[in-house]
Structure formats: C-alpha cells, structure tokens
Amino acid sequence: MTNILICTVGGSHQPIVSAINDMRPDHVVFICTDKDPATGQPGSRTQIDGKGHCIKASPKDAAPSLPNIPSQTGLAADQYQTVLTLSDDLDRIYLDCTLAIDQVMQRFPAARVVADYTGGTKSMSAGLVMAAVERPDIDLQLVTGSRTDLIKVQDGSQFADKADCERIRYRRLTEPYRRAWHRYAYSEAWAGLADFRPPKGLRNEYTRFRELSRAFAEWDNFNHALTLNILQPYAPSLPDTMKTYIGMAMRLNDQNQGKREAARLFDLYRNAERHAAQGRYDDAVSRVYRLIEWTAQWLLETQCGIQTGDIKPEQVPETMVLKANRNGIIQVGLFEAWQLVKLKTQGAAARFIAEQENTLLNHTKIRNASILAHGFTPIKLTEWQIIHSWLEQYFMPMLLEESSKVGIKQMPPQLPSGYES
C-alpha cells in the first residue's frame with residue numbers, strides 16, 4: 001500500500017525527520033510558511049528546499065550545519081511537494097490543508113494517509129488537525145518523546161505516535177445530524193447516519209443515535225407500532241427525558257381503541273406543529289383539518305356509536321337531512337359531522353361547536369385555498385399563527401376535556417428537538 005505523510009513544518013527539523021524515518025512514506029506533503037510579509041524573515045520552507053547547509057543542528061548553533069529535510073531523509077525530488085500557507089491565519093491554514101488533502105487523495109486514491117501536526121506554529125497544527133479530523137480515512141499522529149520541560153522533547157527520544165481523536169472526529173462528523181433534530185428532521189439524520197462508519201469504540205453510541213433517529217422518523221410518519229418496537233430495547237439506557245417518549249408511544253399503541261385514537265389526535269396536533277416549525281404551513285394546516293375532522297369522528301363513534309362513513313338512518317337527527325350516496329350509504333364530511341356532535345352529544349365538544357362554528361368555517365376557507373386542498377394559494381405564516389392561536393385557546397382545551405373521559409388528562413410534550421448522548 002502507498003503511504004502518504006502530510007506534516008506541518010516549523011522551526012525544528014527533528015520531529016519531521018523522525019516522522020519520515022519512522023514511517024518511510026512513499027510521498028510527503030510539507031505544509032510550510034514562506035517569507036514573513038512583515039519582516040521578510042525566511043519561513044519554514046527553507047527546511048525543505050534550502051540549498052547546502054540550511055538547518056541548524058541545534059537552535060544554539062551559530063551557523064547551519066545540516067542539509068534540508070528531504071536530503072536528511074533520502075527523499076527524491078518526485079517524492080515530496082511543498083504547500084505554502086500563512087503562519088497564524090487559521091482560516092487560511094485550514095483551507096490550504098484541506099486542499100492539500102483533497103489533491104493528494106485524488107492523486108493516490110488507495111493510499112494510507114497520515115497527518116502529522118507536530119511541527120509548525122500552533123495555528124498550523126490546529127489547521128491541519130481540523131482538516132484531518134473531517135476525514136475519517138486519515139490517521140492523525142504527532143511526534144512525542146521524553147520531556148524535561150514544556151518546550152520540547154529530548155533529542156533521540158522522539159517517536160511517532162497515533163493521536164486518539166476518534167471521539168472528536170465522531171462528534172464533528174455527526175454534528176449535522178444532531179442539528180437536524182433541532183428542526184425535527186429525524187429522517188434526514190437517519191439517512192445521513194445510515195452511510196456513516198463509526199470507529200470501533202463508538203459503535204454502541206452510534207447505533208443508539210441512528211436507531212433513535214429512525215424511531216422518531218417513523219413516529220413522524222405515523223408508524224407508531226414500529227416506533228415502539230425500536231424504542232423499547234433502548235429504555236434502560238435512555239435519560240429520563242427520553243423515557244417519557246416510550247410511555248407516549250405505548251399510549252399510541254394502546255389496546256383500548258378510544259384511548260388510542262385520543263392519543264393519536266394529540267399526536268397529529270404535535271405533528272402539525274413540527275411541520276409549521278419547518279416553515280411547511282400548507283402541510284401543517286392540512287393536518288389540522290384532518291385533526292378537526294377526526295376529532296368529530298372519534299367523538300361520534302365513542303359516545304354515540306356513529307361511524308361517519310356509514311351512518312344508519314335511525315342515527316340521523318330529525319332536524320338534519322342527510323342523503324345517501326349512489327351506493328345507498330349515508331356519509332358526512334367535517335361540517336356535517338360536527339353538526340351531529342352538536343346534536344347527539346353533551347359536554348365540551350357540543351359547547352365548542354355551538355360557540356366556534358363560524359370561526360371554524362373561516363379557518364376552513366384558508367385550508368380550502370391551499371394547493372393541498374382545492375386552490376393554489378400558499379398558506380402564510382400569519383395565517384398559520386391565527387389558526388394555531390385558535391387551536392391553543394379553544395380546540396385543544398376542548399379535546400383535552402373530552403379525552404379525560406378515556407384517561408388522557410394532559411397534553412403530550414412535543415417530540416425532542418435535540419439529541420441527548
């Protein structure tokens with residue numbers, strides 16, 4: 001296998017020579033500085049392409065006594081290249097190192113690449129580390145050894161050692177998927193993590209993150225049974241705030257149909273809020289419309305035994321005229337269903353529709369103008385805010401009062417907007 005070494009070069013040649021002698025790479029990329037723009041003093045590139053004796057064996061020596069680093073290590077001219085950067089401009093160093101890594105990996109696609117950050121200024125070391133950490137196919141190392149002070153290791157004791165950066169690399173590479181949770185974009189996180197290859201020591205942590213992303217992605221898609229199956233094995237390891245969602249998922253799969261449907265009504269409301277938080281107001285309002293319609297269906301079935309898709313003639317109030325369809329079946333939509341609620345039930349829902357019927361009609365007009373209903377007008381943020389405020393003030397309190405009859409007395413929390421390790 002071809003071995004490539006990328007290293008930052010500073011004022012001391014010993015760690016670079018040690019790294020090359022230890023690894024014996026097929027090709028070396030030296031990250032160096034040119035002349036200082038302010039003082040005109042030579043940069044570290046002289047250690048690579050300087051002529052004759054250009055390196056001091058010791059900083060205390062009066063004059064250079066050693067040839068450049070390629071000569072000291074026996075590198076041929078076609079075995080190395082020099083990349084120039086600035087000594088203390090972290091942005092520039094990071095970009096130069098990133099470009100150098102990209103180019104060398106394109107040139108040697110099957111090679112093992114090692115980045116050594118021992119030499120150079122602190123900013124040069126930081127820039128190379130930042131660039132290398134983003135590439136899981138690059139090994140990171142430094143030259144270390146015995147120390148008698150905090151300035152340098154003792155000459156002759158140097159050796160190249162792999163830097164343990166797997167947790168840093170893992171955290172950095174998975175950060176976009178953690179941020180996806182902030183937008184409730186669980187499917188995005190799950191898709192990204194599916195192509196991710198974790199280090200061996202972090203496989204359990206990775207698997208948990210991936211599977212929890214999958215669980216909430218399925219939850220967001222109303223696959224409640226699958227959600228519960230994914231979550232339950234992780235129950236012992238979840239923080240208390242996350243364990244709440246297992247209880248919620250169990251309620252969404254409750255054997256009691258009335259309680260299960262009530263839980264799913266609240267779940268649909270939270271789903272609509274998540275879509276609104278993503279700026280998808282048409283999607284949010286379409287879910288609200290279904291919530292309002294489904295609530296009437298749930299009330300009629302659980303309290304009156306009426307199914308709005310197949311109403312028996314004897315279930316129709318005398319004050320209502322409902323015609324059967326071509327198949328002889330009486331079916332009703334949202335508004336007729338709520339008229340039945342008003343006439344056939346007693347309690348919070350009947351009072352709600354008696355008081356809010358006209359407001360409900362106005363809100364429905366906004367939904368009907370949407371491209372997801374019968375029109376072509378996108379729903380605006382301000383329109384969603386008006387509908388959401390009405391839901392919070394009138395509809396959800398009514399639903400909560402009605403759901404308390406089947407044992408649901410509190411609004412469920414929203415799905416998590418952040419991943420807890």
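1. Is glutamine 232 buried, partly exposed or exposed? With a relative accessibility of 38%, glutamine 232 counts as partly exposed, where buried means under 20% relative accessible area, exposed means over 50% and partly exposed lies in between, for a 1.4 Å probe and protein chains only. This residue lies in the loop between helix 9 (224–231) and helix 10 (240–252), helices (H or I, at least four residues) and strands (E, at least two) being DSSP runs numbered from the N terminus. The C-alpha atoms of glutamine 232 and glycine 247 are separated by 9.8 Å, and the two residues are 15 residues apart along the chain.

2. A word on the basis of these remarks. The model is predicted, so local features need pLDDT of at least 70 and side-chain atom pairs count only at pLDDT 80 or more, while totals for chains, interfaces and linings use all residues. Residues are numbered from 1 along each chain as its sequence is written, and side-chain values use heavy atoms, with hydrogens and water left out.

3. Helix 7 (residues 186–194) and helix 8 (residues 203–220) pack at an angle of about 145° with their axes 8 Å apart; axes are lines fitted to C-alpha atoms, for helices over the stretch in contact, and angles run from 0 to 180 degrees between N-to-C directions. The helix 7 side of this contact (heavy atoms within 4.5 Å) includes Tyr186, Trp190 and Leu193, and the helix 8 side includes Phe209, Arg210 and Phe216. By class, the contact of helix 7 with helix 8 has 9 nonpolar, 2 polar and 4 charged residues, with Ala, Val, Leu, Ile, Met, Phe, Trp, Tyr, Cys and Pro counted as nonpolar, Asp, Glu, Lys and Arg as charged, and the others, Gly among them, as polar.

4. Rings of Phe, Tyr and Trp (its six-membered ring) pair if their centres lie within 6.5 Å, and planes under 30 degrees apart count as stacked, over 60 as edge-to-face and the rest as tilted. By this rule the count comes to 18 aromatic pairs. In one of them, phenylalanine 30 and tyrosine 80 are edge-to-face, at 5.9 Å centre to centre and with 70° between the planes. That pair links strand 2 (residues 27–33), which holds phenylalanine 30, to strand 3 (residues 80–85), which holds tyrosine 80, across 50 residues. Phenylalanine 30 counts as buried because its relative accessibility is 0%, whereas tyrosine 80, at 22%, counts as partly exposed.

5. Phenylalanine 209 and tyrosine 419 form a stacked pair, 4.1 Å centre to centre with 25° between the planes. Phenylalanine 209 is in helix 8 and tyrosine 419 in the segment after helix 15 (381–403), 210 residues apart. Phenylalanine 209 counts as buried at 0% relative accessibility, and tyrosine 419 counts as buried at 12%. Ring pairs link both residues into a cluster that also includes Trp181, Tyr184 and Tyr186. Arginine 178 lies over the face of phenylalanine 209, at 5.1 Å from the ring centre; a charge sits over a ring if NZ of Lys or CZ of Arg is within 6 Å of the ring centre and within 35 degrees of the ring normal.

6. Tyrosine 184, in the loop between helix 6 (166–182) and helix 7, has a positive phi of about 60° although it is not a glycine, and it is buried with a relative accessible area of 15%. Phenylalanine 222, in the loop between helix 8 and helix 9, has a positive phi near 70° and counts as partly exposed at 33% relative accessibility.
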